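My entries follow in the order in which I checked things.

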Amino acid sequence: MTDMVDFNSPDFLDELSWKSEYDIGDELIDSSHRRLFAVLRRVLMILQDGDSARNRNICRDAVKFLEAYTVKHFAEEEGFQRKIGYGGYKMHKALHDNLREVTLPSLKIELENNDYSNESIEAFISIFIGWLTGHIMVEDKAITGKVSSRWPNYSNEDDIDNLNKEVHELMAHVFHRKARLANRHYAGENLTKGIFYCMNF
């Protein structure tokens, strides 16, 4: 049984509306965030017409835009952090690098492998929106001191690499499947409604 997000519901479209609570207090960063929300909302509204071929093209263009725009936005945000001497810069940059170099490419592969099916597009949008809102509300607000970062200490890369290796070996041995690390920095963010499987052997 799956619990899919209803992309046609007014509640979900409302989630893509910019809210003043997302403001971190820097106009350049806040305007970039507003643009990301506007693009995702526009894509979602276009996808609702049900034209699969058009949806694939729109989504391909949206992914290209998001890849390019996140590079620009992250560079601006990281420049602001360096300018004010933000103590959490190193970890914040690692979170940005992970989205740009690991998470987005992983989601793009899923879209391409599934020929931009409605399900893969919905998963992409859900995960990206979840990441974006969680990141803004916690990590970006921490830059201006509105909240505390979830990452007071930089993570131990050796621990992550060892855990990644163990998961790869387990998946290969037990399920005969290749696992792929999608995010090196997860701190309990609610990315989307989940689909969970329980397997007992």
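I took helices (H or I, at least four residues) and strands (E, at least two) as DSSP runs, numbered from the N terminus. The model is predicted, and I kept to its rules: local features need pLDDT of at least 70, side-chain atom pairs count only at pLDDT 80 or more, and totals for chains, interfaces and linings use all residues. Residues are numbered from 1 along each chain as its sequence is written, and side-chain values use heavy atoms, with hydrogens and water left out.

Entry 1, the loop between α4 and α5. I looked up D115, which is found in this loop, and noted a phi near 50°, a positive value in a residue other than glycine. Y116 is placed in the loop between α4 and α5 as well, and its phi is also positive, at about 55°, although it is not a glycine. Most residues other than glycine have a negative phi. For burial I used relative accessible area (1.4 Å probe, protein chains only), with buried under 20%, exposed over 50% and partly exposed in between. D115 is partly exposed at 44%, whereas Y116 is buried at 4%.

How do α4 and α5 run relative to each other? Their axes, which are lines fitted to C-alpha atoms over the stretch in contact, with angles from 0 to 180 degrees between N-to-C directions, come within 11 Å and cross at roughly 175°. That makes α4 roughly antiparallel to α5, the term being used for angles over 145 degrees. Contact here means heavy atoms within 4.5 Å, and the residues making it include L99, L104 and L111 of α4 and I121, F124, F128 and W131 of α5.

I defined a nonpolar core as a set of buried Ala, Val, Leu, Ile, Met, Phe, Trp, Tyr and Cys residues joined through side-chain atoms within 4.5 Å. The largest one has 34 residues, and among those with the most contacts inside it are L40, L111, F124 and F128. The elements giving it two or more residues are α2 (27-47), α3 (52-84), α4 (89-113) and α5 (118-143), and α5 gives the most, with ten. Leaving aside neighbours within four places in sequence, I found F128 in contact with L40, L66, T70, L99 and L104.

Notes: Angles under 35 degrees count as roughly parallel, over 145 as roughly antiparallel, 65 to 115 as roughly perpendicular and the rest as oblique.
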